[in-house]
Amino acid sequence: MTFISRRTLLTVAGLGTAAWLNPVRAQLAGKPITLVVPTAAGGTTDIAARMLAEPLGKILQTSVVVDNRGGGNGNIAGQLVARGPADGSSLLVQYSGYQCITPLIQPVPGFDPATSLKPLGHLIDAPQLLVVRGNFPADNFADFIKYVKANPGKVNYASSGNGSLQHVTTELLKDLTRTFMVHIPYRGTGPALTDLLAGTVDFTITTPPPLLPHIRAGKLKALMVTGRTRLAAQPNVPTATEAGVPLVASSWFAVYGPTGLSADLQGRLSLAIKQVVESESFKKRAEEQGAKAVVMSGAELAALGDSERKMWGRIVKLANIKAD
């Protein structure tokens with residue numbers, strides 16, 4: 001009878017995940033992984049990609065770089081990955097608005113994120129914050145709505161582009177509160193935030209990560225959160241529901257690859273992404289950004305995308321939202 005020591009058993013168990021990932025490391029040997037981001041630097045999608053890059057590189061023992069390819073409401077970056085090599089060297093860090101809303105308002109012949117990209121793993125989920133410029137004449141959500149109603153058409157808001165989640169969420173807010181505000185689309189959250197800080201626009205509704213430093217510095221005022229509960233990072237900011245407006249909307253960020261990825265490579269990349277998202281350091285960084293780390297399988301991610309496309313399709317039709 002052969003006896004195996006406890007130390008040997010622990011060593012073998014500890015090497016289980018490493019052995020599982022070794023073929024991926026071999027396939028990527030000498031090749032950096034590029035995380036393609038469909039927005040300009042500074043937005044939540046970019047932040048999510050940079051949160052993933054370093055730990056993913058450590059797990060797969062290769063370099064991971066972030067490549068910002070904004071424009072086309074996400075279609076430029078999406079097509080780049082979908083039509084790129086199916087060897088795991090080019091992945092898309094996707095924003096839910098581009099995955100679920102862009103196809104409704106700016107379809108591209110031969111490309112649909114739902115069928116042209118393979119879901120690999122979910123990263124973070126983030127509700128949105130309504131923030132106004134520092135000198136806006138309202139310090140809470142109730143006074144904000146009163147001011148907007150008293151000044152129809154004189155208040156404007158920024159979004160990361162026509163059809164973005166910021167856009168459709170604000171249009172939903174307008175419908176629920178029966179207000180009229182002017183939309184100013186930008187090419188990404190970063191440029192929109194720059195003008196908001198400069199006072200060129202009045203407000204925006206977007207995810208917390210790029211906003212929190214400016215809120216803490218007193219340069220922006222947070223008036224409302226679109227989540228079901230308040231943010232741990234901003235506990236004094238009420239939800240829209242608490243303020244009497246039944247608005248609940250969140251953004252999510254996930255990783256996709258080309259459909260040509262083999263099932264084996266898809267599974268191994270998904271496992272590596274799952275390891276990152278489950279780590280305490282990633283969870284902590286997400287919470288500090290006003291977001292939540294959420295693990296999700298490829299199948300669950302695909303189902304989430306299908307469900308949200310149906311939900312936002314109604315708002316797009318209601319507000320008659322068109323592409324630029």
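The buried residues of helix α4 are Asn-75, Ala-77, Gly-78, Gln-79, Val-81 and Ala-82, where buried means under 20% relative accessible area, exposed over 50% and partly exposed in between, with a 1.4 Å probe and protein chains only. Helix α4 spans residues 75-82 and is mostly covered, since six of its eight residues are buried. The cover includes β1 (33-37), β3 (90-95), α6 (102-105), α7 (113-116), β4 and β10. Helices (H or I, at least four residues) and strands (E, at least two) are DSSP runs, numbered from the N terminus.

The model is predicted: local features need pLDDT of at least 70, side-chain atom pairs count only at pLDDT 80 or more, and totals for chains, interfaces and linings use all residues. Residues are numbered from 1 along each chain as its sequence is written, and side-chain values use heavy atoms, with hydrogens and water left out.

At the start of α8, a side-chain oxygen of Asn-140 comes to within 3.2 Å of the backbone nitrogen of Ala-142.

Attention now turns to empty space. Rolling a probe the size of a water molecule over the atoms shows where such space is left. On a 1 Å grid over the protein atoms alone, a cavity is a set of points where a 1.4 Å probe fits but cannot get out, while a pocket is an open set with protein on both sides within 12 Å along at least five of seven lines; lining residues have an atom within 4 Å of a point. Grid points are joined across faces, edges and corners, and a volume is the space filled by probe spheres set on the points.

How many cavities of 30 Å³ or more are there? The count comes to two. The largest cavity has a volume of about 90 Å³. Its lining consists of 14 residues, and Thr-45, Tyr-95, Gln-166, Thr-189 and Thr-206 lie nearest its centre. This lining divides into three nonpolar, 11 polar and no charged residues; Ala, Val, Leu, Ile, Met, Phe, Trp, Tyr, Cys and Pro count as nonpolar, Asp, Glu, Lys and Arg as charged, and the others, Gly among them, as polar.

The second largest cavity holds about 40 Å³ of space. Residues lining the second largest cavity include Ser-159, Gln-166, Thr-189 and Thr-206. Its largest share, three residues, comes from α10.

The largest pocket contains about 500 Å³ of space. Of the 23 residues that line the largest pocket, Asp-125, Pro-127, Thr-229, Leu-231 and Lys-292 lie nearest its centre. By class, this lining has 10 nonpolar, five polar and eight charged residues.

Finally, Gln-289 is placed in the loop between α13 and β11. Gln-289 is partly exposed, with a relative accessible area of 25%. Leaving aside neighbours within four places in sequence, Gln-289 is in contact with Ile-47, Pro-208, Pro-209 and Leu-212.

Conventions
A polar contact is a pair of N or O atoms within 3.5 Å; within protein, one must be able to donate a hydrogen and the other to accept it, and residues adjacent in sequence count only if both atoms are side-chain atoms. Contact means heavy atoms within 4.5 Å.
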